[in-house]
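Here is a short briefing for work at the level of atoms and contacts. Please look over the sequence and the model before reading on.

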Amino acid sequence: MTALERAFETARKRCARVVFPEMDDPRIAQACARLRAKGLADPLPLSDQTEAQVQALVAARGIKPALARRMLDKPLIRAAAMVAAGEAEAMVAGVTHPTRRVIEAAGLAIGLAPSVTLPSSFFLMVFPDGRELIFADCAVVVDPDAEALAAIARASAASARALLGEARVALLSFSTGDSGAGDSVNRVRAAAQATGFTGPVQGDAALNPAIAARKGLGWGDANTLVFPSLDAGNIAYKLAQELAGAQAIGPVLQGFAKPVCDLSRGATVEDIVAATVLSIAMSRTDQAT
């Protein structure tokens, strides 16, 4: 059974309440109808403001109730507050809002999980040959330093364990081992040392055991690729889509205390359904561990 099939199975068992603050978008409306018809989720539109939402914001931000009520006039913040208040188990948004707004709302109302220092994201990449890989970070952290790369790698490992069963993490670079130098390589090397994951390693050595052996590595079967910058990650996942026919599911945000999914603005109905199912499956575990 593939990771996506397992996620669909989990979603059917849970039928979790998921809030969609962009329900007026036709793709979201169609995806919600499909999720409901297949018993994968209980899609919720934005509710009216509730006292529970107000108190969730007050508790999260230490603000006065009057300010919380004004903040809840913003749809994304109200959706996140619904999750924080327990009125929904997950939030899915992003087809009409930029990533930074989705993250801002989640940060304000939901907050980060314990021990997490920054939010990040991943795509589940499903290739035509059946391979499934985690790509991170392709949507959130623009130019991570060594500490941020380490945080992304740890969160991505937890996501991989939740979805793929195990995490084989490679921190990618243009250099493998000690063969190259430079600021970006040094950042990746420091992150690898801090986490115990493999890196710096080139993409071919991370994925091909024969090449890994030639370059002095003991393996070459990574299932979780951590890119050194948003440039690299975003370019890589889009090339995988266009040249290899891969399905990119996400970006799923990781590091928040409760599940939040930031959809691509080009997401199809099928992408939205799959991303929602992944978000429900991710709620079974603490992504920060």
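Predicted model: local features only at pLDDT ≥ 70, side-chain atom pairs only at ≥ 80, totals over all residues.

Residues are numbered from 1 along each chain as its sequence is written, and side-chain values use heavy atoms, with hydrogens and water left out.

**Helix 3 and helix 5**

- Helices (DSSP H or I, at least four residues) and strands (E, at least two) are numbered from the N terminus.
- Helix 3 spans residues 51-61 and helix 5 spans residues 75-84.
- Their axes come within 8 Å and cross at roughly 90°. Axes are lines fitted to C-alpha atoms, for helices over the stretch in contact, and angles run from 0 to 180 degrees between N-to-C directions.
- The two helices are therefore roughly perpendicular to each other (65 to 115 degrees; under 35 is roughly parallel, over 145 roughly antiparallel, the rest oblique).
- Helix 3 supplies Gln53, Ala56 and Leu57 to the contact, and helix 5 supplies Ile77, Arg78, Ala81, Met82 and Ala84. Contact means heavy atoms within 4.5 Å.
- By class, the residues of this contact are six nonpolar, one polar and one charged. Ala, Val, Leu, Ile, Met, Phe, Trp, Tyr, Cys and Pro count as nonpolar, Asp, Glu, Lys and Arg as charged, and the others, Gly among them, as polar.

**Glutamine 254**

- Glutamine 254 lies in strand 9, residues 247-254.
- Its relative accessible area is 0%, so glutamine 254 is buried (under 20%; exposed is over 50%, partly exposed in between; 1.4 Å probe, protein chains only).
- The side chain of glutamine 254 makes a polar contact of 3.0 Å with that of serine 156, and another of 2.7 Å with that of serine 159.
- A polar contact is a pair of N or O atoms within 3.5 Å; within protein, one must be able to donate a hydrogen and the other to accept it, and residues adjacent in sequence count only if both atoms are side-chain atoms.

**Cysteines**

- The whole structure holds zero disulfides (cysteine sulfur pairs within 2.5 Å).
- For cysteine 138, the closest cysteine sulfur is in cysteine 261, 13 Å away and too far for a bond.
- Cysteine 261 is in no disulfide either; its nearest cysteine sulfur, in cysteine 32, is 12 Å away.
- Cysteine 138 is buried at 0% relative accessibility. Cysteine 261 is buried at 0%.

**Glutamate 104**

- Glutamate 104 sits in helix 6, residues 99-109.
- Glutamate 104 is partly exposed, at 38% relative accessibility.
- Glutamate 104 and valine 92 are twelve residues apart in sequence and 14 Å apart in space, C-alpha to C-alpha.
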